[in-house]
Amino acid sequence: MELQAVLMAAGGGSRMMDLTYNTPKPLLPVGNRPLIWYPLNLLERVGFEEVIVITTKEVQKALSTDQRLKTDVKMRLDVVCIQEEADMGTADALRHIQQKIKTDILVVSCDLITDVALHEVVDLFRAHNATLSMLMSKVHEFTETVPGQKGKKKAGEQRDFVGVDVTGKRLLFMANEADLEEGLVLRKSIMRKHPRMLIKTGLLDAHLYCLKRSVVDFLVHNKSVTSIRGELVPFLVRKQFSKSLNSQNATEDTEKNQKQQDAHHNFELLSTSKDEALLQLARERSCWNDHRGDMSEAYHGGKLRCYVHIMEEGMCYRVNTLAAYIEANRVVPKLFEDPPIHPSAVVSERSLVGSDSIIGPSCQISDKTSIKRSNVGTSSIIKEKVKITNSIIMNGVTIEEGCNIQGSVICNNAMIGRGADMKYCLVGSGQRIEPEGENGVAASTDPLSPPPPHPFNFSTSPPPTFLSSLSSWTRLFGHNL
Amino acid sequence: SNVCHVAAPDLAATSRPRKADKDEEEKPLQAVLVADSFNRRFFPITKDQPRALLPLANVSMIDYTLEFLTSTGVQETFVFCCWMASKIKEHLQKSKWCRPTSPNVVHVITSDLYRSLGDVLRDVDAKALVRSDFLLVYGDVVSNIDVSQALQEHKQRRSMDKNVSVMTMIFKESPPGHKTRCEDDDIIVAMDGKSKRILHYQRAQALKKLHFPMVRCLEVGSDEFEIRFDLLDCHISICSPQVAELFTDNFDYQTKNDFVRGLLVNEEILGNQIHMHVTRDGYGARVSNLLMYDTVSSDTIRRWIYPITPEANFADQEGQSCTHSRHNVYREPGVSLGHGSQMEENVLIGRNTVIGANCTISNTVIGANCVIGDNVTLDRAYIWNRVHIADNVKVKQSVICDNVEVKHGVVLSEQCVLAYNVVVGPDITLPEGTVLSMHHPDEEDDEDEDEFLSDDNDVGYSKDKTKQKVFNPAEVGSEGKGYRWKSSSLDDTEEDELAECIWGLALSADPESDSESEVSEGSHDLGSHPASPELDDVKVFQNEVHGTLQRGLDENISCDNLVLEINSLKYAYNISLKEVMQILMRVVLEFPFQQQGAQISTAQYSSHLLPLLKKWAPVFKNYVKRPQDQLDCLASMEEVFLECETHWAVLMSMYQLEILEEEGIMHWFNQGSTTDKSQQLRRNQGLLKFIKWLQEAEESSEGDE
């Protein structure tokens with residue numbers, strides 16, 4: 001076994017609380033499959049037979065009951081539960097399962113939906129005997145209007161800066177815009193080794209990492225590291241050019257202690273495979289080199305190397321925001337050759353279901369209903385004369401007759417009363433929108449107001465009363481309610 | 001007239017479609033060639049011959065430059081000379097460039113007043129010499145680059161975005177470690193990969209860390225940029241006429257570096273951009289020091305600058321046509337080689353040179369009419385014309401100028417320079433880096449009086465002085481003639497931030513030299529940043545100002561320069577003008593304490609301070625201008641003198657030196673005070689006396705009117 005796969009599925013989805021309040025992120029339906037299915041499928045496609053899934057009790061239960069997951073996923077799932085309250089970071093989680101890790105690892109996040117050829121990442125890892133190789137992609141521009149979000153894009157989000165060498169593979173530099181207010185500072189010694197550096201922004205970190213086993217050992221010794229992306233990866237990237245890896249001469253006493261500690265940790269970082277000596281010999285005997293210009297040895301003698309595969313085309317989403325969730329739902333169905341309408345769904349002949357929509361199992365679609373560019377989840381009931389466009393209807397939703405739903409997301413088990421007209425709304429799970437007349441709020445937008453329409457989100461915190469939910473969602477409701 | 005037009009001989013021009021900008025296209029390409037380096041890098045060699053005329057593979061450097069310009073399509077070249085202009089002019093008049101058949105018309109423009117590239121370009125603007133885009137090169141550039149593609153791109157950019165891009169700089173790829181990389185010119189460039197625009201340009205020579213301002217580096221709408229450290233500045237640029245205008249507008253631009261930096265920093269204000277063109281295959285390098293001379297010479301002989309090769313005789317000089325044989329051995333006519341002598345590889349030997357027996361010669365250029373004895377070993381030697389080398393001499397990587405005599409048994413270690421007419425030996429070993437010249441190093445100082453670097457004054461007037469000095473046999477041998485130049489006397493600290501020596505920096509200047517900083521960086525890796533005690537900016541600024549003034553005193557720096565330095569400190573530490581004034585005042589007032597201890601008497605204090613105040617009055621005047629400034633100043637004074645009120649006599653001097661005016665002082669005095677101490681201060685006898693005197697003076701002056 002060359003690589004062990006680790007799936008991180010314990011994240012709470014803090015950036016899309018609207019959706020994950022009642023449904024854990026790994027179980028959110030995307031294209032009528034739970035989100036976790038996608039990374040599992042990605043791993044299975046390339047031949048993994050076993051995967052360690054780090055997740056919560058709730059998800060574990062669902063994993064064992066969800067029919068679709070059971071039939072689709074053939075891999076053996078080694079589920080490790082962590083407590084939700086423990087507030088563990090991804091690096092903490094790796095430390096947690098340290099005993100299980102015998103080889104180098106491939107870490108995947110549960111919110112990754114991609115059609116990447118995974119071997120690209122792994123090949124970089126293999127070819128360069130890398131410590132880290134990771135996947136990035138060009139950021140997708142989200143085109144759809146997102147409920148609760150004014151304007152197209154949230155401005156002011158801080159960008160990541162990634163520096164790669166001339167081949168675009170070696171990862172040389174990584175920083176967040178917030179760290180670069182003073183400007184970007186690079187050591188000249190790095191530029192000497194890699195005289196051409198491309199600094200890129202607009203990249204999405206797919207949170208897919210190949211890591212050397214020694215990195216896990218390193219984590220065990222450095223308990224302060226809690227997150228892979230936040231701390232470990234930037235550390236490894238920096239460490240590539242740090243001299244202390246090789247230097248032996250300690251000068252001052254105070255430094256000495258620090259160094260010994262370092263040396264210990266670095267030893268952990270470097271004690272790679274037992275073939276290392278052989279690889280070293282092979283490299284010495286070979287005329288191959290990773291750089292042009294000077295005649296020094298390959299990798300300039302560096303022992304720690306980070307690589308990145310940047311997808312130029314293809315699909316790569318991290319479903320961690322509402323916008324990404326909506327976008328993923330639009331795009332994903334095109335990937336599968338499943339029939340758009342599940343055989344167990346009951347669809348009236350006098351209804352209109354566009355070929356760009358998918359209808360989940362056990363749905364009921366009644367007469368004179370039209371569904372375009374929308375996903376309808378399992379066991380949802382759509383009554384007569386309903387018009388649904390550009391929307392995501394999750395599982396067990398009931399939509400009464402005469403509703404017009406456009407650009408909205410309706411979460412699990414919601415009930416939409418008769419005659420509701422909603423544009424760009426988000427309805428929380430279990431929420432009831434009372435029929436027209438009984439509750440005037442449902443008629444959401446003034447038809448005369450030009451786009452972008454002002455969004456209304458109906459979501460809920462535990463008490464099922466509508467009004468109580470308002471206060472907790474003022475961020476999304478805006479001022480005029 | 002129609003008929004006439006059709007019958008015009010230039011059929012190609014008439015058949016071309018008529019465009020609105022046809023005139024623009026048909027303007028002949030012009031070039032500005034600056035045949036002066038405006039530095040003393042090649043001293044003492046360039047005391048006798050300007051750099052542009054120094055032979056490189058037996059051809060003057062300026063001929064390479066002109067050949068490059070001509071072959072790239074330049075039809076009119078303005079050669080600007082300053083140092084030894086007459087020699088350059090004479091050389092050009094005899095050359096093929098001034099023959100009537102020359103496709104490139106060369107105009108020589110000389111002036112003693114040029115002190116920098118900036119002056120030359122300002123003159124270009126003043127004389128309105130250029131009509132369209134032109135090439136700007138130095139007279140020591142050796143290149144075979146075809147700039148037509150770069151020129152086309154440049155024109156396209158300019159037509160697309162009217163007059164935004166003013167310059168296209170030409171670079172050659174040469175990554176760190178490459179032989180043709182000039183470590184003096186260690187530049188780092190941030191560029192936009194698509195538009196080829198230069199976003200940031202910096203000479204990184206003395207830096208360990210490279211700093212890129214994000215604001216400039218990331219263009220709007222672009223999500224990436226490239227940082228390149230693998231470029232050699234060929235010192236060839238395509239300039240629009242605006243460049244000359246910009247030099248006129250910004251009279252403080254002296255060098256191209258000033259210009260590029262100034263333009264990039266002010267880009268948002270001026271809206272001008274600089275682009276770049278990188279050549280992979282072409283060759284372009286400037287001979288900016290002797291290491292580059294060594295490199296470019298050997299590249300020429302190894303035919304990297306094809307079609308400019310030694311046997312091409314492109315300068316079309318009589319008797320210079322040489323033969324090219326295996327291992328890049330070139331011989332001009334009349335060369336005689338003694339029995340058993342070997343020309344191993346990469347050797348060029350000038351006409352009528354006689355080489356004795358059993359010599360070993362490799363990677364070497366020998367000029368015309370030289371005589372070389374027996375058993376001589378030459379490796380990487382650059383021997384110019386009419387040089388006599390006796391038997392048993394060894395030379396390694398050295399330059400030997402015209403008419404030098406090297407007596408038998410002499411060994412020249414690496415990087416020796418024997419300037420014109422020097423005699424060395426016999427039987428002496430010159431250590432590495434020896435520079436010998438017939439000019440005494442001190443005579444330079446005599447000329448320094450006028451501070452100008454490129455003057456054409458005859459060096460003869462100091463001859464009599466030279467004669468008094470004697471040659472040191474320990475330096476030049478018992479029969480030798482010449483003075484040793486210490487590298488320190490070559491430093492030109494004011495000319496450039498670098499202390500430059502004739503050979504320049506060695507290429508492999510140990511890339512790991514910054515390992516220390518890396519170690520320290522490695523140790524605080526995981527967020528455990530050591531808390532460095534950060535001095536308060538104001539405090540640091542105060543220390544810096546004190547240091548600056550102290551230095552000003554020691555080195556007798558003019559007040560203008562002090563103001564400049566203080567201003568730059570002000571920006572560096574982001575200090576407000578008011579604070580600058582107060583700190584300056586404080587520092588100056590505390591100066592005597594710093595020097596003499598805090599316990600000095602009033603008399604001592606005044607006697608120390610007064611000369612300082614006198615000296616620095618212009619500095620104060622520069623900052624203290626408005627009435628409010630005076631009050632701020634006085635407040636700061638008050639603060640200092642709260643502790644030692646007896647020193648108030650200083651106020652009088654400040655008044656007399658016109659740093660402070662009476663309105664200000666009166667206003668401050670009448671302002672009333674808040675604390676007991678300052679009230680007490682105001683009751684000081686000396687101060688009251690002075691105030692009274694002031695009042696009376698005012699009244700009397702009023703009475704006068």
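This is a short tour of the structure, stop by stop.

**Before you start.** This is a predicted model, in which local features need pLDDT of at least 70 and side-chain atom pairs count only at pLDDT 80 or more, while totals for chains, interfaces and linings use all residues. Residues are numbered from 1 along each chain as its sequence is written, chains are lettered from A and ligands numbered from 1 in the order in which they are written, and side-chain values use heavy atoms, leaving out hydrogens and water.

**Stop 1: a sheet in chain A.** Helices (H or I, at least four residues) and strands (E, at least two) are DSSP runs, numbered from the N terminus. Two strands pair if DSSP finds at least two bridges between them. Select the open sheet of seven strands in chain A, ordered β5-β4-β1-β6-β13-β8-β14 with mixed pairing. Which strands are at the edges? They are β5 (76-81) and β14 (306-311) of chain A, each pairing on one side only. Neighbouring strands in this sheet are turned by 25 degrees against each other on average, direction ignored.

Now pick β6 (residues 104-109) and β13 (residues 203-211) of chain A. These two run antiparallel, joined by four bridges. Click Val107(A): its bridge partner in β13(A) is Tyr209(A).

**Stop 2: helices on the sheet.** Contact means heavy atoms within 4.5 Å. Axes are lines fitted to C-alpha atoms, for helices over the stretch in contact, and angles run from 0 to 180 degrees between N-to-C directions. Select α6 (residues 119-127) of chain A. This helix lies across β1 (3-9), β6, β8 (132-138), β13 and β14 of chain A, at about 145 degrees to β8(A). Next, select α9 (residues 228-239) of chain A. Helix α9 packs on the sheet and touches β1, β6, β8, β13 and β14 of chain A, its direction making about 75 degrees with that of β13(A).

**Stop 3: a domain from the record.** Select residues 345-435 of chain A. UniProt, in an unreviewed entry, places "domain: EIF2B subunit epsilon/gamma LbH" there. This stretch is 0% helix and 41% strand, with its end C-alpha atoms 26 Å apart.

**Stop 4: chain B as a whole.** Chain B has 25 helices and 34 strands. Buried means under 20% relative accessible area, exposed over 50%, and partly exposed in between (1.4 Å probe, protein chains only). Of the 705 residues of chain B, 54% count as buried.

**Stop 5: Phe259(B).** Not counting residues up to four places away in sequence, Phe259(B) touches Val166(B), Met167(B), Val243(B), Leu246(B), Phe247(B), Tyr253(B) and Ile274(B).

**Stop 6: aromatic pairs.** Rings of Phe, Tyr and Trp (its six-membered ring) pair if their centres lie within 6.5 Å; planes under 30 degrees apart count as stacked, over 60 as edge-to-face and the rest as tilted. Over all chains, the count is 13 aromatic pairs. Select Phe471(B) and Tyr483(B). Their ring centres are 5.0 Å apart and their planes are at 45 degrees, so the pair is tilted. Is each one buried or partly exposed? Phe471(B) counts as partly exposed, at 30% relative accessibility. Tyr483(B) is buried, at 5%.

Move on to Phe591(B) and Trp616(B). Here the centres are 5.3 Å apart and the planes at 70 degrees, so the pair is edge-to-face. Phe591(B) is in helix α19 (residues 577-596) and Trp616(B) in helix α20 (residues 602-623) of chain B, so the pair ties together parts 25 residues apart in sequence. Both Phe591(B) and Trp616(B) are buried.

Finish at Tyr293(B), Tyr382(B), Trp384(B) and Tyr420(B), which ring pairs link into a cluster.

How values were computed
UniProt positions renumbered as here; feature names shortened; annotations may be inferred.
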